[in-house]
Amino acid sequence: MVTKELKAENIRQELQEYSRKPKSLIPILQFIQSQHGYLPRDFMEEVGNYLGLAPSKVYSVASFYAQFRFEPLGEHLVKVCHGTACHVKGAENVTETVESQLGISMGETTADEKFTVERVACLGCCSLAPAMMIDDTVYGNLTRDKIKNILTDYKEEQS
Ligand code: FES
């Protein structure tokens, strides 16, 4: 297991790739999230030290953008599409079914850390509306039963 100190040391090395200017903040945050799946709070201080910004400033900038997460993702990321075509074809029903099947609300992660669910804009497969994506797989023409079966398969898979 990677220790907290090792992670902090790694981020210090990674930061050397960026100029020590405030304009580097967003690219740095994007890089950290691409590596870790979210922005660990411990790293906000390291980033602030590097750029000469208070950790609270780093956090407030990061929290302004919806793209950044502050909690780790579950093993599977379920994205429920709420683009126009999916909205018209019942995205709210998909959301309700996913939430009730997993026992969490949009933006949350299950207690066993197996699923994170989020609401997204168009997934780019409108002809399949209503649609959702789990990791890299798109599921379309969703009905309540279809969603239950899909999620059951993921729940029962061997990790
Ligand atoms: S609106 Fe849902 S895939 Fe385009």
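Helices (H or I, at least four residues) and strands (E, at least two) are DSSP runs, numbered from the N terminus. This is a predicted model, in which local features require pLDDT of at least 70 and side-chain atom pairs count only at pLDDT 80 or more, while totals for chains, interfaces and linings use all residues. Residues are numbered from 1 along each chain as its sequence is written.

**View 1. Overall organisation of the protein chain.** The protein chain contains seven helices and four strands, arranged along the sequence in the pattern α-α-α-α-β-α-α-β-β-β-α. Its C-alpha trace spans about 50 × 35 × 20 Å along the principal axes. Among the 159 residues, 23% count as buried (20 or more other C-beta atoms within 10 Å of the residue's own; exposed, 12 or fewer; partly exposed, in between; C-beta atoms are placed from the backbone). Of the contacts with a separation of 6 or more, 60% come from residues 24 or more positions apart (a contact requires C-beta atoms, placed from the backbone, to lie within 7 Å).

**View 2. The two domains.** The domain assignment gives domain 1 (4-64) and domain 2 (76-156), with bounds that come from an automatic or database domain assignment. A distance of 31 Å separates the C-alpha centres of domain 1 and domain 2.

**View 3. The four-stranded open sheet.** The strand order is β2-β1-β3-β4, and the pairing is mixed; two strands pair if DSSP finds at least two bridges between them. From one strand to the next, the twist averages 20 degrees.

View 4. Strand β1 (residues 76-81) runs parallel to β2 and is joined to it by six bridges.

View 5. Residue G90 is located in the loop between α5 (84-88) and α6. G90 is classed as partly exposed because 16 other C-beta atoms lie within 10 Å. The C-alpha atoms of G90 and A131 are 9.3 Å apart, although 41 residues separate the two along the chain.

Notes. Axes fitted to C-alpha atoms, helices over the stretch in contact; angles between N-to-C directions. Contact = placed C-beta atoms within 7 Å.
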